[in-house]
Amino acid sequence: MPPTLASLVHHSALKLTVRAGADRLDVPVRWAHVSELADPVPYMEGGELLLITALKLDAEDPEAMRRYVRRLAGAGVVGLGFAIGVNYEEIPQALVDAAEEEGLPLLEVPRRTPFLAITKAVSAAIAADQYRAVTAGFAAQRELTKQALNDGPEGLLGALAAQVDGWAALYDASGAVVAAAPEWAGRRAARLTADVERLRDRPAPASSVVGGPDHEDRVELHSLGTGRRPRAALAVGTEAALGTAERYAVHSAIALLTLTTERSRSLHEAEQRIGAAVLRMLLAGEPDHARAVAGDLYGGLLDAPFRVIVAEGDAGGGGLAEAVEAAGARAGEAVLAVPEGDRLIVLAADGGAAAHACAEYAAALEAARGTPSSVREPSPAEGDDLVIGLSAPAGPITAAAAYKQAEQALSVARRRGRILVEHEQLASGSVLPLLADDAVKAFADGLLRALREHDATGRGDLVASLRAWLSRHGQWDAAAADLGVHRHTLRYRMRRVEEILGRSLDDPDVRMELWLALKATAAEQ
């Protein structure tokens with residue numbers, strides 16, 4: 001504890017006597033300061049014991065003393081020490097009354113007690129308090145280290161909560177609560193997810209304070225990790241602001257958890273290298289070798305249907321990787337995530353938490369864009385945005401096929417301006433949206449250009465006739481009826497189409513290409 005007026009009064013060598021404010025002696029003293037100025041307030045910081053002899057004061061003037069004492073109390077001075085036997089044989093009653101009126105402790109200092117002795121006593125007490133705090137901090141550091149080595153982050157949080165007489169919680173990179181102590185603190189910590197997410201947006205190291213006098217507790221949030229983006233966060237909740245010893249304990253916990261986080265990152269990078277090797281073996285059609293290399297690390301993932309996720313953009317899918325890995329960790333699922341340049345390849349259990357987190361992550365980005373992607377053309381500014389392709393459920397033997405499915409879905413997502421497309425959606429939908437590609441449109445325009453130029457001269461309606469004939473599967477009477485012409489007229493027009501294009505309509509491939517060309521250009525007519 002820092003020195004107080006009470007501890008100075010009880011100091012046997014000082015012989016101080018309380019003359020006013022006896023009920024306020026438990027106030028901490030930050031320093032003892034000597035000043036004979038009539039107005040020392042401009043030189044006060046608050047928390048001082050002011051020592052005077054009243055050399056320049058009319059201490060017997062009641063009004064002057066009231067003004068003097070009132071200014072001292074307003075400046076945060078915690079006590080006034082008056083030396084008797086120097087200018088006054090005893091403390092003037094006017095000063096005693098003013099101090100009692102204002103509630104400012106007034107101490108009588110005997111002549112044989114020099115002000116220097118009081119200043120030394122305060123300084124020694126402050127130094128002793130700081131030494132105790134440092135010693136307690138080192139003891140807390142040893143205890144936290146011991147618990148971290150024996151019981152991991154959970155043990156460390158328990159020791160920290162005991163040190164600060166409060167609670168502590170650890171969050172992962174996604175802002176989810178990983179562990180909390182005591183057990184009840186998990187509910188309190190979960191309500192701070194939004195505050196943790198805001199902290200993650202700031203460069204590390206970062207900290208913030210949540211709550212205060214009007215809340216159930218005061219919570220300090222600290223980011224963990226040495227990289228540009230925090231890897232985790234620590235929350236410490238207490239009833240009041242932390243003292244020096246408690247601050248040492250918190251800083252020790254931050255250092256220990258950061259070391260744990262950085263060690264975890266090194267292990268994570270090693271896992272990624274193993275994951276990359278497993279992925280290459282799966283795509284090369286070597287599932288048995290992949291299982292052998294994966295062992296227990298990814299073995300469970302390869303024993304059940306999984307999805308292949310291929311993502312591009314978003315700085316190589318960094319945000320998506322954090323989301324799916326955090327979801328998998330919370331659910332106890334194995335997730336294989338392999339970054340490859342600006343791409344991210346993920347193997348996640350079909351129907352599991354990681355695959356669900358991928359869909360949620362994409363949906364959140366879609367919502368942030370504002371306009372539904374189904375009615376919006378992709379803009380050039382969005383060329384680097386995240387796009388994701390998701391395969392159908394697969395197993396180790398069909399991993400290469402699933403990877404191609406994911407790539408195809410990603411390509412469609414890019415063309416449609418979507419964030420996420422599942423391969424299964426392509427089979428259940430229509431092929432027509434795929435014709436919106438510029439290369440397809442250019443091919444269609446080139447294929448039909450000669451027919452359109454012929455029609456522009458007014459010598460017939462070959463394009464409309466071709467469309468009607470193809471839509472009726474080459475049935476002359478039905479197509480002629482649709483056009484309102486004789487079937488011989490339609491036959492003549494189809495011969496002209498063959499002559500102009502130099503291709504036979506008897507060839508099914510030619511008919512297919514012409515039909516798709518008509519569909520690809522229909523929206524522009």
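Which loop holds His-473? His-473 lies in the loop between α14 (462-471) and α15 (476-483). Helices (H or I, at least four residues) and strands (E, at least two) are DSSP runs, numbered from the N terminus.

## About the model

This is a predicted model: local features need pLDDT of at least 70, side-chain atom pairs count only at pLDDT 80 or more, and totals for chains, interfaces and linings use all residues. Residues are numbered from 1 along each chain as its sequence is written, and side-chain values use heavy atoms, with hydrogens and water left out.

His-473 is not a glycine, yet its phi is positive, near 55°. His-473 is exposed, with a relative accessible area of 71%. Exposed means over 50% relative accessible area, buried means under 20%, and partly exposed is in between (1.4 Å probe, protein chains only).

Ala-54 also has a positive phi, of about 65°, and is not a glycine. Ala-54 sits in the loop between β3 and α2. Is Ala-54 buried or exposed? Ala-54 is buried, at a relative accessible area of 3%.

A cis peptide bond links Ala-181 to Pro-182, with omega about -10°. Pro-182 is in the loop between β7 (177-181) and α5 (185-190).

## The largest core

The largest nonpolar core has 26 residues. Such a core is a set of buried Ala, Val, Leu, Ile, Met, Phe, Trp, Tyr and Cys residues joined through side-chain atoms within 4.5 Å. Met-65, Tyr-68, Leu-80, Phe-82 and Leu-106 have the most contacts inside this core. Two or more residues each come from β3 (48-52), α2 (62-74), β4 (79-83) and α3 (93-102).

What does Met-65 touch, leaving aside its neighbours within four places in sequence? Met-65 is in contact (heavy atoms within 4.5 Å) with Leu-57, Asp-58, Ala-59, Ala-94, Leu-95 and Ala-98.

## A five-stranded sheet

Five strands form an open sheet in the order β7-β6-β10-β9-β8, with antiparallel pairing. Two strands pair if DSSP finds at least two bridges between them. β7 and β8 (207-211) are the edge strands, and each pairs on one side only. On average, neighbouring strands are turned by 20° against each other, direction ignored.

Strand β6 (residues 167-171) pairs with β7 in the antiparallel sense over four bridges. Here Ala-169 stands opposite Ala-180 in β7.

Helix α6 (residues 193-200) lies across β6, β8, β9 (218-224) and β10 (232-238). α6 runs at about 40° to β9. Axes are lines fitted to C-alpha atoms, for helices over the stretch in contact, and angles run from 0 to 180 degrees between N-to-C directions.
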